[in-house]
Amino acid sequence: MSKVTMDKIVNLCKNRGIIFQGSEIYGGMGNTWDYGPVGVEIKNNIKRAWWKRFVQEDPSTYGVDAAILMNPRVWDASGHTQNFADPKMDCKSCKQRFRADNLIEDHSKGTVSAEAMTNEEMESYINEHQVKCPHCGNFSWTPIRQFKLMFETSRGTLDGEKDVVYLRPETCQGEYVNFLNIQRSMRAKVPFAIAQIGKSFRNEITPGNFIFRTIEFEQMELQKFCRDTESMNIYEDYKEKAKQFLLDLGFSADNLKFHDHDKLAFYAKAACDIFYNFPMGWSELNGIHHRSTHDLSRHQEFSGKSMQYLDPITNEKYIPTVIEYSIGADRLMLAVLSEAYNEEELEGGDSRVVLKLHPAIAPYKVAILPLQKNINEKAIELYNQLSKKFMCMYDEAGSIGKRYRRQDEIGVPFSVTIDFDTLEDNTVTIRDRDTMEQIRIPLTDVEKYIEERIQF
Ligand code: ATP
């Protein structure tokens, strides 16, 4: 099997309706991508799997869907209005702009972390190693400058009067500001978590690496509110849960590793990322952070509302500590595609591309393929029955071999063929994507057969 490259993934996505360049007919727009019919199904299934694991199956976690536009004071309290900026360098030859820390990490294939480096240290690394522009290949950099990451927009009330509002750069503030609401309305007892899946926006200008880093992306994350004395156990627990989620999705343990942060924020007690072995090298897939009482304390200070929790048993009042677990849905999508992509040599000199996706996140669960157009009645009936339960693909065009290959490329785990025997005995052939084995089962068993195999 040849190694998966980013080009192979991007091409497959473009040609098979998974992901397209944003605003493509206008020449595109940097770092924006549109999910096509196949991609939107995979991404929705990833989000569903995450929600099921971390919200549905955990009675102490409550979901929320907070507003993207928040009172600007939220961003003063969080520190974003003052500090949310990246170290950027411009290539003087091609005028492209890059993040200095990413240049170092990409150049060293993830073996050097620039996280704890000062701007001066990053500049000297780049000069010493003659790190070239990834776009034009020249070595001609401006000095590092700080580049603001929050998108600003405005809210007009009267003509000429406008108030600045921000597109949220992270979803978690929506949980912090709802801590009191959820604690009271759900009678939640600490430790409990608030979880959210939603869009965030960052003025990232580093091009390349497909959907790894985009200006508009979805985060799936939760904030667990707990007593400080139990916080380190909960932190360790989420590290394991985060990893187990990835293993259960089908990731190989060899492609995942924990990476403790080299430098902690002044308030943080611990911080760890899970790195994935992406086609471009090891990079952050998700983060687990011990944020102490910092977030709720800051909101207490800026809003004037007490964020204290009254322990109903001990009558003690305290501001809970926060453990955060956060993963990008789009970044996970890229990891999932990279992990699932396989090129296989088949008997007879043939070859195939197959996405070995976990059936729960496959875009369509089954492809219904009548052997010939003139026997499609039963196939249409089956499609109508199964599509009430899950996403199905119907394809009657081309040879059966070609149709199987098309399903393999987008990761459809099962294909059902309706043939002349079906008309006689009401049985069908069901083919497994990964093993390519085919078995014959009664038409009436198809729904159950698939349902048993697509659970997460
Ligand atoms: P990075 O160092 O890669 O910029 P970060 O440490 O700033 O990421 P967090 O703020 O902790 O990231 O966000 C949590 C998760 O959200 C990340 O682990 C990643 O999966 C995802 N994420 C963050 N920024 C982006 C982005 N620009 N595009 C896509 N996903 C992102």
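This is a predicted model: local features need pLDDT of at least 70, side-chain atom pairs count only at pLDDT 80 or more; totals for chains, interfaces and linings use all residues.
Numbering starts from 1 along each chain as its sequence is written, and side-chain values use heavy atoms, with hydrogens and water left out.

The ligand is surrounded by 17 residues, and the closest are Arg202, Glu204, Arg213, Glu284 and Leu285. Oxygen atoms of the ligand lie 2.8 Å from a polar backbone atom of Leu285 and 3.2 Å from an N or O atom in the Gln219 side chain. The protein covers 85% of the 590 Å² of accessible area that the ligand has on its own (Shrake-Rupley method, 1.4 Å probe). Two or more shell residues come from each of β10 (216-226), β13 (281-290) and β16 (321-328), with strands being DSSP runs (E, at least two residues) numbered from the N terminus. The most come from β13, which gives five residues.

Turning to Asp311, this residue sits in the loop between β14 (309-310) and β15 (317-318). Asp311 counts as buried because its relative accessibility is 11%, buried meaning under 20% relative accessible area (1.4 Å probe, protein chains only). Leaving aside residues up to four places away in sequence, Asp311 touches Arg227, Glu316 and Tyr318, where contact means heavy atoms within 4.5 Å.

Methods: A residue is near a molecule or strand if one of its heavy atoms lies within 4 Å of it. A polar contact is a pair of N or O atoms within 3.5 Å; within protein, one must be able to donate a hydrogen and the other to accept it, and residues adjacent in sequence count only if both atoms are side-chain atoms. Helices (H or I, at least four residues) and strands (E, at least two) are DSSP runs, numbered from the N terminus. Buried means under 20% relative accessible area, exposed over 50%, partly exposed in between (1.4 Å probe, protein chains only).
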